Amino acid sequence: MISPILRKDLRIELRSRFGVSAVVMFLLVTVTTILFSAPGAQMSSSIMSALFWIALFFGALTGLSRSFISEEERGTSFLLRLYAEPEDIFWGKYLFNLLLVFSLALCAVMFFAFFFRDFVVRDIGMFALQLVLGAIGTSSTVTILSALVARASQKGALLPVLALPVLLPLVIATTDATRITMEVADSWIGVRGDILILFSFDVAVTLVSYVLFHFIWQE
Amino acid sequence: MTNLIMKFFRSTPYHLLLGALFAVSVFVCFATPIGGSFNDVVTLKMNNVANITPLKATITTTGYDSVAKKFYNAKDLYGTEKRVLVDRTQDLKIGDVIVADCSYLPSENYFYVVRIERINPVITFPLIQGLGELGRNMLFHVPMSMVAFIAFLLAMIYSIMFLRTKNMDYDFKARASSAIGLMFTILATVTGSIWARFSWGTFWNWDPRETSIFILLLIYIAYFLLRSLLEDGEEKKARIAAVYNIISFLPMIFLIFVLPRITQSLHPGSSGTEAPIINLSGKTHTDPILTYILWTNVLLFTLLFLWMKELYTIVLRKEFSAND
């Protein structure tokens with residue numbers, strides 16, 4: 001049952017291309033805003049990694065919040081509740097969100113590498129690992145929180161408010177790790193602590209989200 | 001037996017006792033004189049921090065007289081023995097403990113007592129260099145922040161209990177813990193930032209512990225915002241709020257226990273700095289009396305929190321049954 005949910009979401013996405021195009025446009029707007037507000041400025045590695053992850057996190061919050069809210073808006077959540085088990089829905093949505101965050105991360109890397117002179121990553125492998133771990137943590141957090149927000153009124157404004165405190169360890173660890181990978185070529189010693197935090201946070205948040213999902217989903 | 005204990009905790013005598021203990025504690029925290037060592041007097045003078053420093057010392061021998069002053073030999077808490085010069089009007093005996101404003105001139109070989117604050121005090125607090133009288137705030141600020149986190153932990157436990165049993169009573173308790181916890185968080189933030197203004201120079205500087213209390217504040221606010229925006233059905237509302245409460249506990253673990261130990265911090269106990277007053281190993285480098293009073297205050301504030309939480313739970317319960 002996991003794959004049918006994922007397949008359904010992918011098919012809807014391919015039909016409308018709403019999620020991907022919204023996220024890519026969001027990224028493009030963010031990057032150009034940065035470029036126009038600081039034209040030709042020399043940016044340090046810490047500022048560069050902060051901008052990169054800010055763009056990525058807010059892009060994810062914009063794009064991923066749709067997953068449950070759209071079901072609620074189209075009135076299909078009742079049918080989904082009837083036909084599928086909560087666990088399968090969670091994993092399906094989670095995988096779809098994960099794919100979306102991965103494509104978002106790839107787009108962000110391309111945009112940043114294309115537009116910013118100072119976006120130079122010295123340790124590509126470690127940077128890729130951070131992207132993967134960051135994407136997993138973000139997508140599981142946003143999946144459960146968007147399911148939560150879908151049950152409330154004022155859906156749009158609520159998600160960032162709820163998600164920021166939960167995502168903060170991730171923000172701190174990823175920005176720090178990326179800054180280090182931008183500065184040194186062999187960065188394992190420097191980013192070890194951050195990678196450990198990222199990994200444990202991912203495992204914890206994914207498990208807790210999985211366990212708690214059916215409490216939100218049931219009527 | 002447990003019933004009897006619970007009955008005691010809800011009775012008026014207990015609340016009067018709690019109030020009386022609080023009054024005593026506040027009195028002790030403010031009235032106890034602070035006194036340092038000879039070394040503190042010298043260091044603060046040499047670094048141009050303070051001309052006059054409170055000193056705590058025991059008189060060992062009466063020295064020789066001059067016309068208006070009298071010399072004594074005195075020993076501080078580290079056992080250093082020095083000569084002190086005191087006004088003749090004060091008559092000190094051997095073995096008297098004095099807490100006095102003390103000054104020091106590098107050219108002379110004695111310490112000059114400006115004013116005797118207290119003779120033979122029951123308890124004294126050690127002087128924390130760089131804090132002085134501001135150090136008293138520790139006895140309120142630290143318990144408040146601890147209670148803020150205890151409240152959050154309790155709310156999380158009640159949320160789990162609610163999801164397991166679907167008993168609305170646990171939701172009232174979780175909500176009451178969060179509400180009173182929010183109050184304590186605000187108090188801890190305010191006392192902390194005022195303290196930081198006068199000892200570190202700015203109200204706020206994103207130190208890891210400040211970050212974690214700020215995030216705690218955000219979580220509490222988000223929790224109540226979420227509750228107010230959820231529609232239809234008290235049970236469903238409680239369920240979703242409980243889920244958020246449990247999820248938001250995860251980042252707190254990282255922020256409280258992991259982050260302060262891997263990044264630089266101005267607060268004592270982080271990596272690189274040695275905790276002067278409290279650390280996890282329970283080793284104190286100064287007078288243990290401050291530690292005892294600190295932990296007593298932590299206990300008192302926790303009891304106060306539990307009582308307030310209990311009262312608010314009763315209010316929520318009544319409200320619920322009135323709406324039903």
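Author: One term first. Two residues are in contact if their C-beta atoms, placed from the backbone, lie within 7 Å. Bear in mind that this is a predicted model.

Reader: Which residues does Phe96(A) touch, leaving out those up to four places away in sequence?

Author: By that test Phe96(A) touches Leu6(A), Asp9(A), Leu10(A) and Ser67(A). Phe96(A) itself sits in helix α6 (residues 86-115) of chain A.

Reader: Why is Phe96(A) called buried?

Author: The cut-off is 20 or more other C-beta atoms within 10 Å. Phe96(A) has 23, so it is buried. For a sense of distance, its C-alpha lies 33 Å from that of Asp186(A), 90 residues apart along the chain.

Reader: What makes Arg115(B) count as exposed?

Author: Arg115(B) has 11, so it counts as exposed. Arg115(B) belongs to strand β6 (residues 111-119) of chain B. Beyond four places away in sequence, Arg115(B) touches Ala100(B) and Asp101(B).

Reader: Where is Asn120(B), and what is its phi?

Author: Asn120(B) lies in the loop between β6 and β7 (125-126) of chain B. Its phi is positive, about 50°, although Asn120(B) is not a glycine. With 11 C-beta neighbours inside 10 Å, against a limit of 12, Asn120(B) counts as exposed.

Reader: Why is Lys166(B) put in the class "partly exposed"?

Author: Lys166(B) has 13 C-beta neighbours inside 10 Å, so it counts as partly exposed. Lys166(B) also has a positive phi, about 60°, without being a glycine. It is found in the loop between α4 and α5 (168-199) of chain B, just after α4(B).

Reader: How do you know that the span of α4(B) is close to the expected one?

Author: Set the two values side by side. Helix α4 (residues 138-165) of chain B has 28 residues and reaches 40 Å from first C-alpha to last. At 1.5 Å a residue, 40 Å is expected. Helix α9 (residues 288-323) of chain B passes the comparison too: 36 residues, a reach of 52 Å, and 52 Å expected.

Reader: Which residues of α9(B) are buried, and what covers them?

Author: The buried ones are Leu290(B), Asn297(B), Phe301(B), Phe305(B), Lys309(B) and Thr313(B). Their cover includes α2 (12-31), β7, α4 and α5 of chain B. For chain B as a whole, buried residues make up 32% of its 324 residues. Chain B has 9 helices and 7 strands.

Reader: How do the axes of α8(A) and α6(B) cross?

Author: Helix α8 (residues 155-183) of chain A and helix α6 (residues 208-229) of chain B have axes that come within 9 Å. They cross at roughly 150°. The crossing is left-handed. On the chain A helix, the contact residues are Leu158(A), Val161(A), Leu162(A), Leu164(A), Pro165(A) and Leu168(A). On the chain B helix, they are Ile215(B), Leu218(B), Ile219(B), Ala222(B), Leu225(B), Leu226(B) and Leu229(B).

Reader: How many residues of that contact are nonpolar, polar and charged?

Author: There are 13 nonpolar, no polar and no charged. Ala, Val, Leu, Ile and Pro are among the types that count as nonpolar.

Reader: How many residues does each chain give to the contact between chains A and B?

Author: Chain A gives 24 residues and chain B gives 24 residues. On the chain A side, α7 (124-149), α8 and α9 (188-217) each give two or more. That side divides into 20 nonpolar, 3 polar and 1 charged.

Reader: Which residues have the most contacts inside the largest nonpolar core?

Author: Leu148(A) and Leu162(A), in a core of 106 residues. Helix α8(A) supplies the largest share, 13 residues. Leu162(A) touches Leu145(A), Leu148(A), Val149(A), Ala222(B), Leu226(B) and Tyr244(B), not counting residues up to four places away in sequence. Another core, of 17 residues, lies apart from the largest one. Phe38(B), Ala57(B), Tyr72(B) and Val99(B) are among its members. In soluble globular proteins, nonpolar side chains tend to be buried together.

Note on methods
Residues are numbered from 1 along each chain as its sequence is written. Chains are lettered from A and ligands numbered from 1 in the order in which they are written. This is a predicted model: local features need pLDDT of at least 70, side-chain atom pairs count only at pLDDT 80 or more; totals for chains, interfaces and linings use all residues. Axes are lines fitted to C-alpha atoms, for helices over the stretch in contact, and angles run from 0 to 180 degrees between N-to-C directions. Helices (H or I, at least four residues) and strands (E, at least two) are DSSP runs, numbered from the N terminus. A crossing is left-handed if the near helix is turned anticlockwise from the far one by less than a right angle, and right-handed if clockwise. The expected span of a helix is 1.5 Å times one less than its number of residues. A nonpolar core is a set of buried Ala, Val, Leu, Ile, Met, Phe, Trp, Tyr and Cys residues joined through C-beta atoms within 7 Å.
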